[in-house]
Structure formats: C-alpha cells, structure tokens
Amino acid sequence: MDRQLYLQNLEKLKTNGKTVIELYNEISTLALECGLSNAAKPAAKNAYYLSMEFLIGRSFFNNLMELGVLEETRDVLAKKGIDINIFEEIEDAALGNGGLGRLAACFLDSAAGLGLPLHGYGIRYKYGLFKQAIKNGFQVELPDDWQRFSDPWSIRRENEKRIIKFADMVVTAVPYDMPVFGKRVNNLRLWQAEGSEKAQKISEYLYPADDTEEGKLLRLRQEYFFSAAAVGELLDKHVKQYGKNFDKFAEFNAIQLNDTHPVLAIAEFIRLLTAEHKVGFDDALNIAKKTFSYTNHTVLPEALECWGDGLVKKILPDIYTVLIKLHLRQKEELVKLKCTPEEVADMAIYSSERFSMANLALFIGHTVNGVAKLHTEILKASLFKTAYKYYPDKFQNKTNGITQRRWLMLCNRELSALIDKTIGSDWREDISKLSELNGHISDIADEFIKVKAEKKKQLFDYIKEQEGAELPNGFLVYSQVKRLHEYKRQLMTALAILEIYKGLKDGTVTDFQPSVFLFGAKSAPAYRRAKAIIKFINEIAKKVNSDAQTNGLLRVVFVHNYNVSYAEKIVAGTDVSLQVSTAGLEASGTGNMKFMMNGAVTCGTMDGANIEIVELAGKENNYIFGAEVDEIERLKKDGYDPKELLKANGLHNFAVSALIDGTFSDDGTGCFKELYDALTVGASWHKPDNYFVLHDLESFVNSLLKINADSKDAKAFAVKQLKNTANSAHFSSDRTISEYAKDIWKI
Ligand code: 26V
C-alpha cells in the first residue's frame, strides 16, 4: 500500500462512535502497512545495536511524520471533526530510563533517515520504566502497563522464535518487530520471554531491583537472554546465506554493544561458534574481534557491569567456561605485550571472583568509544588508562547527537516553520544547512520571540492540565529535566533557588525578571537521597509558590512522570537549559542538545557535551560556571572542606540549614537530614559534599542572576538563543550515526 492508498483508506475510515484507542489502532495499522510496502532491499553489510534500553516514546506522530503523511492525516481527521492531538493520550513506550536508551532510539531514527542499515536488538519489557506519581511531595512508583491499549506498531514474528537455555530453565524468545521508517525501513527487534511463569519474568521489568541475589540473577538472565537471541539469530542467518564460512561474518555484520549490559553477547558468540559450529577457539576469537565494538556511557564505576563467578557458573555453565578461556587467553596476550602484573590485574576479564564486562569489551572490541570529547579523554586518561596504553588504536570519540526530526521538526513546528521561511526547507533533508540561519539572526529575532512565547504558552497549558499549577505568561523558563542523580546536582539548583528567594524577600535581589524553575526527574526506586531531593524540591515549590510577596516573580514546579512526550514540550518552551553536573561526571548529556536546538541558552558546567556546545554556539551566548575537571581533581587531591565554605558564606549557610532547621518538613523520614549530612560530613561511603555542590553554588547563583538580567534585553537575549539553534546541526544524530557508519561499522 502506498501513500496515496493510505490517504484514501483514511478518508474512508469510519470514525463515528469510535474511541481514541480504536482510532489509534486503526490508523496506526493503515500507516504501518503503508510504511512496510516500501521495505528496503537487504543490505550487504548490516550493523546491529544491542541495547538493554530503547526509549522510543510515542510512535504515532513520529511515524506518520517519517512516512510523510502527518500533515495530511491532521487535515483528513480535522475534516472529520477530530483533532489529531487526541492521540496525545497514547502512552509512551518507556522501554528505557534515560540518556542511553533515548540515544539508542535517536540512532535508529537517524540511520533510517540516512538510509543506513542499522537495526536494534533489545527486550520487549511488559512494563516500561515505572510511572511516577508525587504523593505529598514524595515519588511513588506505579507500574507502566504500556501495552494495555495494544501495540499496533509491533509485529509478532511467530516463526522466528528462538530457544534460550539456562542451566535451570528453558525460555522461548519471541521477536516483536518495530519497523523504523525513513529513507529505508530498518528494524527494531525486541524479544519477549515466554514459557514458564519464571521464564516470563525475564522480560517483565526494566531494571529489576538488583540489591538482592535474586534481583541480580534476574538481571543476568535478561542480559544473556536478549544478547544470546540476537547473536544466535545473526549466526543462523549467516549460515543460511553463506554456509559455514564464518571468516566472512564480519564482512556482513557489525555489532555495537551499547554499554556493558549486552557484553555477554561476545561470550555467547564464541560459545556458538566453537560448540555448535565447530570453529576453533582461535578463529572464533578473531571473528569476534572483527565483529564487536563497544560504547561506554558512564565513568561511574558502580554502573560498569560485573558478574560474580558463582552466579554465572550456576545458570550459564558453558558461558562460564568460555569466559575463563577468554580470561586465560587475555592473560597470555598481555604477558606478550609485557604488561606489569598490576596492569594485567587492571585489565583482567576475571579477577576477585568477578567477570568484568567492560574489560571483556575492551579486550575483544575492535573499537571503544566515549560519547563526548571530554568523556573520551577521561576514558583514555583514567578509567581505561591501561587499556589505552596497550591498545591506543581502539579508542575513538563519537559525540552523541539527537534526531532533529523528533526534537525540532515534530516538537517545534513553529520554529521549524520560521527556519523554513528564513533559509528554505533544505535543512530538513540536510541538517548541516541549519547553519545558514547564522546570516539572518537579528532579522528574525522578533519573530523568534513570538515563537518562543507561543511554545511557552503551550507548555504552561500542558503543565496546568497535568500538574494543576498555573504559570503566568511571560515568565522566563529555566529547566532541569533528566534522571535524578546526585552528580547531576538538582540539589544545587534547589539551594540556588532558596538563595534567590531569600534575596527577593530581603531586597538584596532586585530588578528580577519573573522566572519559573521547572524540574522533571525520576529517581531509581531504591536511591534514597535522590528521592529526598525530589521531596526537597517539592517542599520548596510549596513554600515559594504560595508566598504572595514573591510569587509574582518566582515559581517552582516539579512536573511528575517526566518522559519523552513531556520532554518534547519542555525543550521547546524553555529559555534556559540547566546542565550543571559535577565536571567530569556527565559523559555527554543529550538533553543539553535538545534545548540548544530549540533555542535555549545553556547554563552549565564545563562537562560532557556542554563543552562542545559552547565551542560551537559561543561562550558569549551561554553561561558557563563552576569548577572544571582539573580543579575538581585538585580539590579531591588537596582535600576540600565544605564546612569552611558554609561558615564563610551566610547565604549558603541559610540555604543548607533549611534542610534541618524546620523550614521544611520531610514528614519525619529523616531524609533531609541525610542530605544535610551528605553535604557536610558525608553520607554512606562518600566524602563530605562528594559532588562539590557547595563549591560551585556561588558561581551558579551568579550565573542564574546574570541570565536573568540579560534576559531583560529581549532582543539581545533572543539573538543568543538563536545562535544556539543556528549552530546545533553538529548535534544531530545524523552526524553521529554517519561517523559510526564510516569509522566503526564500515557500512
Ligand atoms: C546503569 C545502571 C546501573 C544500576 C542500575 C540502574 C542503572 C541504570 C543505567 C545505567 C547505565 C547508565 C549509563 C547512562 O545512561 N549514561 C548516559 O548515557 C547518555 C548517552 O550516551 C549520556 O548522554 C549521559 O551523559 C550518560 O549519563
């Protein structure tokens, strides 16, 4: 079925008396058929992206756009008296929890858009990332039953099931395909676990709590389950097409390991080649080395997957044997390279009774990449220093990107139209053309101000509907939306708000442009301090918003259940993007890029991709503050005493004391005291103020106030914002994916 037929069928569609869900299913099914009709010829070489997460969000609008029928569908439905926006009630597919998963989704979009054969493999979780409710200021997690209205964009492939064996059970992996539309139709294949009740559990939840042995076991099963299904299928396909000539496998297949979660795919690949296909171990190893590559997404050591040998031996005895063999082989190789015993230990696949997935990926992967320039440099200089010394050629940087189709064309039609009007619409096909905007910035600043005001109004309407919070027009919007983590320093923003609030009350902050601070974040369910920060922000919001003396100037809103669809509205309606992680800890960030593209200035630290953002859009058009990596390193070495800072700075002392002096209630949970302790004496195994919140707080507040003052000259401020849009093409995932295709996958 082609486009024309789709539109004819849509015209004919009876809509009377149908529910939103029924219409959604029928239209989606029509569009899916239309999209599949121009499926591409199979490519000679394909790349596969193995990822525990694909945070696709809502497919409906995006797929219609990719198929080139969104506007027509809008019109046809309007004629039938239906506003296409009713489909906004369709749930997001939240099969991921943050940047890593959303990046995977952007990559698939870009590859299809560019006509590159990249396909995803992951897990079809029954429940996506939990839905977040806020009760009395606290996060409450509710199950996200995203398939309850059916899933019209997925196709179950009954005939392509696979059997995955664990020592104690057999699981059926059933593939569901989600076509990815663009210049070519690629495929995201998500495996669902079927069989016994225990077997089904494998694809039930994303990130089961892994603080118990049972939780760890389940996560290990998940990782093996989808990795094994993927490489098993690829090897079988190869045999079917080319026979048992595995030497050629890497000529036709490239496998990208998205962080450490799918790294067991390497062991399974070697197991299958040696045990099932009778390839010698050396040959199997060499084929693996040509096939796999690995992306690291975080320097936080707790996020690098390691598996206890007991666990692996218990449920995957053959994988255990392969891992030990790999470990011994690695040792031989490292001795030949004349590594010291310390270096061998540092790079060991197996040590202290654990298997390190990162070290396995570093040993086998032909390429290892970080996700922003600074991040890759940190990998080379610290986290993977030894590996870099012996395998320097493996290391590459691939700065992240975002798809401009979802994150500009779809979420900001108004700005896209202004760009069309100014430079023509070629940028929609070739994003590098966006830079032509640079020649017209002051001419279109006034129109841009109108677009921003409109997007803000839409955002405020939505916030009113979702949160019940009414925000006055014309407020400057500062947004910090991302996972909740101490290193991302939402707590620092909360303290800064308190200082500004105090300043407004006592008259030390004057001439302040009315502003709202928006937060959106989910915390890992077991992460106590992150949850305490959510409560703290909500307490601050309650106080600030109800203070008649200041609430014409300052508001705070924590939006609940932040997800991809919410993000689409927030990035378009924001003036100031807050990217304030402790330098060295945010691998890249991708929200920063979305805001930049939509014309927000960045208020941030020299961390992750912020560095490249200001390099391209100009430091003068953004607001950089705080300690840089060198200084953080120095502070760590020489010691740093946040209590001294508190003594010296009355404002900081005021804000931090609010955690314990009864200004706010944590409902007797003691969670605010824990935050206070974390800042002053250190909590858990951390040093006092482990993330240097108090160190950077003063320069942060000054930056926020400087932005506020600058925004008074609306036109000059709009020029800064537009400079960001005009120079954002580099952060398109089209650019990133082209680099992966050329430098890593050779497709
Ligand atoms: C690890 C763990 C381990 C404990 C259980 C929960 C959990 C959840 C996720 C992870 C992996 C975190 C890695 C990650 O998401 N990194 C982010 O990747 C983005 C895309 O490259 C990047 O922009 C962000 O800076 C980086 O934090």
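**Notebook: loops, core and ligand site**

I began with E353, which is found in the loop between β14 and β15. The model is predicted, and I kept that in mind for every entry.

I looked up the backbone of E353 and found a positive phi of about 65°, although E353 is not a glycine. Is E353 buried or exposed? E353 counts as exposed, because its relative accessibility is 56% and the cut-off for exposed is over 50%.

I then turned to S352, in the loop between β14 (350-351) and β15 (354-356). S352 is not a glycine either, and its phi is positive at about 45°. S352 has 66% relative accessibility, so I noted it as exposed.

**Entry: E305**

I looked for E305 and found it in the loop that runs between β12 (292-295) and β13 (306-308). Its relative accessible area is 11%; the cut-off for buried is under 20%, so E305 is buried.

What does the side chain of E305 join by a polar contact? I found the side chain of R219, at 3.0 Å. Leaving out residues up to four places away in sequence, I listed what E305 touches: R219, E223, T260, H261, F355, S356, M357 and A358.

**Entry: the nonpolar core**

I looked up the largest nonpolar core, which has 265 residues. Within this core, F87 and F536 have the most contacts. Which helix gives the most to this core? Helix α7 (residues 213-242) does, with 11 residues.

Not counting residues up to four places away in sequence, F536 touches L491, A494, L495, L498, L659, F664, F672 and L675.

**Entry: L285**

I placed L285 in helix α10 (residues 281-291). L285 counts as buried because its relative accessibility is 3%. With residues up to four places away in sequence left out, L285 touches I270, L326, R329 and I364.

I also checked L285 against A105. The two are 180 residues apart in sequence, and their C-alpha atoms are 30 Å apart in space.

**Entry: H375**

I found H375 in helix α15 (residues 373-383). At 3% relative accessibility, I put H375 down as buried. The side chain of H375 makes a polar contact of 3.0 Å with the side chain of N296. Apart from residues up to four places away in sequence, H375 touches N296, H297, T298, V299, G370 and A587.

**Entry: the ligand**

I counted 15 residues around the ligand. Which of them come nearest? They are H297, N400, E586, S588 and G589.

I then looked at polar atoms. N400 has a polar side-chain atom 2.8 Å from an oxygen atom of the ligand. For E586, a polar side-chain atom lies 2.6 Å from an oxygen atom of the ligand. With A587 it is a polar backbone atom, 3.4 Å from an oxygen atom of the ligand. The ligand on its own has 600 Å² of accessible area, and the protein covers 80% of it.

**Entry: a check on helix α30**

Last, I listed the buried residues of α30: F717, A718, K720, Q721, L722, N724, T725 and A726.

Notes: Residues numbered from 1 in each chain as written. Predicted model: local features only at pLDDT ≥ 70, side-chain atom pairs only at ≥ 80, totals over all residues. Heavy atoms only, no water. Helix = DSSP H or I, 4+ residues; strand = E, 2+ residues; numbered from the N terminus. Buried < 20%, exposed > 50% of the residue type's maximum accessible area, 1.4 Å probe, protein only. Polar contact = N/O pair within 3.5 Å; in protein donor to acceptor, adjacent residues only side chain to side chain. Contact = heavy atoms within 4.5 Å. Core = buried A, V, L, I, M, F, W, Y, C linked by side-chain atoms within 4.5 Å. Near = heavy atom within 4 Å. Areas by Shrake-Rupley, 256 points an atom, 1.4 Å probe, with all protein chains shown as cover.
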